[in-house]
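The following note sets out points for a colleague who is about to examine the model. Please read it alongside the sequence and coordinates.

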Amino acid sequence: MDSSVPRFPVTYKSLSLDIKGNKTDVVLCSYDDHFLVIATQIGAMGTILHARKEEGVSIEPTFNVSAVFGKRDEPMLLACARQLIQHISISGSSRSLVISLGLKDHSAETLKGVVSAVIENRLW
Amino acid sequence: MAREEPDVEALNEAISSALVSNDEVKEGGGVQITCFSEVVNDVALHFQILRLPKQIYVWIGCDSAKLGRIYAAAPTRPKDMISVTSILGGASDNTGAGIARRLVLKTGLNIILACNIPKNSPMLEAEAEKMLVQKLIQLGYTRAKAEGSSS
């Protein structure tokens with residue numbers, strides 16, 4: 001009986017777009033406790049960053065963004081993750097974000113393209 | 001001339017018939033996503049396989065849809081040894097690290113594995129790995145074994 005096989009619990013979306021002439025595949029997944037975003041132009045996941053909101057004593061939340069795999073200290077990638085976790089927080093979710101960026105260049109224009117594509121297709 | 005059209009139609013038919021299965025397979029550009037769920041001893045196991053040209057991302061969910069611990073595994077030169085590292089979720093238990101390692105062996109690709117199978121469930125881990133590998137073989141993501149080799 002079909003009812004015995006559980007429904008797949010993760011919502012996800014996959015799309016492809018062009019950013020500065022580079023074909024970019026974007027995948028978004030919504031897990032119970034995390035959002036996963038993958039944006040790749042190089043056929044691999046690239047650098048993986050983890051961004052989370054920290055509820056502190058003050059009214060304003062603080063965010064912790066770090067690269068956990070791949071290129072550390074790439075400011076544009078950290079900025080991209082920071083923008084997205086902030087957007088998630090403003091939308092009312094306190095889930096963390098795991099974002100992997102495999103991009104051919106780390107220019108502001110490329111990162112902006114990624115951020116807007118993700119926000120346009122967001123799962124939060 | 002409409003000469004090109006029949007070829008495109010035939011190709012479309014071939015592709016759509018190949019994709020017809022009980023599981024959901026989505027293709028968005030260069031990414032293939034395969035999702036399926038199974039029940040093992042009253043426990044629901046969920047699998048999500050994301051195939052990128054040079055890498056495979058896999059999520060294994062055990063009852064819940066939490067992301068779990070993330071491991072990265074890759075073949076490292078010069079001797080084709082496999083390296084595994086924990087990226088997220090701590091490494092106090094290695095549920096999933098072994099699976100990641102063996103996936104690299106079977107596929108020859110870099111693997112990112114997210115797994116929320118609880119600690120101390122070796123049977124569940126083994127079942128999950130078995131189902132996952134079966135699916136990978138079915139999808140054609142594994143590389144052909146050299147004849148006469150033992151795994």
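**Notes on the predicted model**

1. In chain A, a salt bridge (a side-chain nitrogen of Lys or Arg within 4 Å of a carboxyl oxygen of Asp or Glu) joins the side chains of Asp105(A) and Lys20(A), at 3.8 Å from N to O. This pair connects distant parts of the chain, 85 residues apart: Asp105(A) lies in the loop between strand S6 (96-102) and H2 of chain A, and Lys20(A) in the loop between S1 and S2 of chain A. Helices (H or I, at least four residues) and strands (E, at least two) are DSSP runs, numbered from the N terminus. Asp105(A) is partly exposed at a relative accessible area of 22%, and Lys20(A) is partly exposed at 44%. Here buried means under 20% relative accessible area, exposed over 50%, and partly exposed in between, with a 1.4 Å probe and protein chains only.

2. As to provenance, this is a predicted model, in which local features need pLDDT of at least 70 and side-chain atom pairs count only at pLDDT 80 or more, while totals for chains, interfaces and linings use all residues. Residues are numbered from 1 along each chain as its sequence is written, chains are lettered from A and ligands numbered from 1 in the order in which they are written, and side-chain values use heavy atoms, with hydrogens and water left out.

3. The model scores ipTM 0.91 and pTM 0.84. For chain B, the mean pLDDT (the predictor's confidence in each residue, from 0 to 100) is 81, and 74% of the residues reach 70 or more. Within chain B, confidence is highest in strand S4 (residues 55-62), at a mean of 95, and lowest in helix H1 (residues 4-19), at 55. Over residues 16-22 of chain B, pLDDT stays under 50, and the model has one contact beyond four places in sequence for them; contact means heavy atoms within 4.5 Å. Residues 146-151 of chain B also stay under 50, with one contact beyond four places in sequence.

4. Over all chains, the whole structure holds six salt bridges. One of them joins the side chains of Asp25(A) and Lys23(A) at 3.4 Å, N to O. Asp25(A) is buried, with a relative accessible area of 7%, whereas Lys23(A) is partly exposed at 46%.

5. Which residue forms a salt bridge with Glu129(B)? The partner is Arg102(B), and the N to O distance is 2.6 Å. The two are 27 residues apart and link distant parts of the chain, with Glu129(B) in helix H3 and Arg102(B) in helix H2 of chain B. Glu129(B) is buried, at 12% relative accessibility, and Arg102(B) is partly exposed, at 32%. Leaving out residues up to four places away in sequence, Glu129(B) touches Ile99(B) and Arg102(B).

6. Beyond four places in sequence, the contacts of Leu113(B) include Val58(B), Ile60(B), Tyr71(B) and Ile99(B).

7. At the interface, 33 residues of chain A are in contact with 32 residues of chain B. The buried area (the accessible area, with a 1.4 Å probe, that two parts lose on being put together, summed over both) is about 2,600 Å², with 71% of it on carbon and sulfur atoms. On the side of chain A, Phe8(A), Tyr12(A) and Tyr31(A) lose the most area to chain B, together 24% of what that side buries. There are zero salt bridges between chain A and chain B, but six residue pairs are in polar contact, with both residues at pLDDT 80 or more. A polar contact is a pair of N or O atoms within 3.5 Å; within protein, one must be able to donate a hydrogen and the other to accept it, and residues adjacent in sequence count only if both atoms are side-chain atoms. S1(A) supplies the largest share of the side of chain A that touches chain B, five residues.

8. Ser116(A) belongs to helix H2 (residues 108-120) of chain A. Ser116(A) is partly exposed, at 38% relative accessible area, and its side chain reaches the backbone oxygen of Gly113(A) at 3.2 Å.
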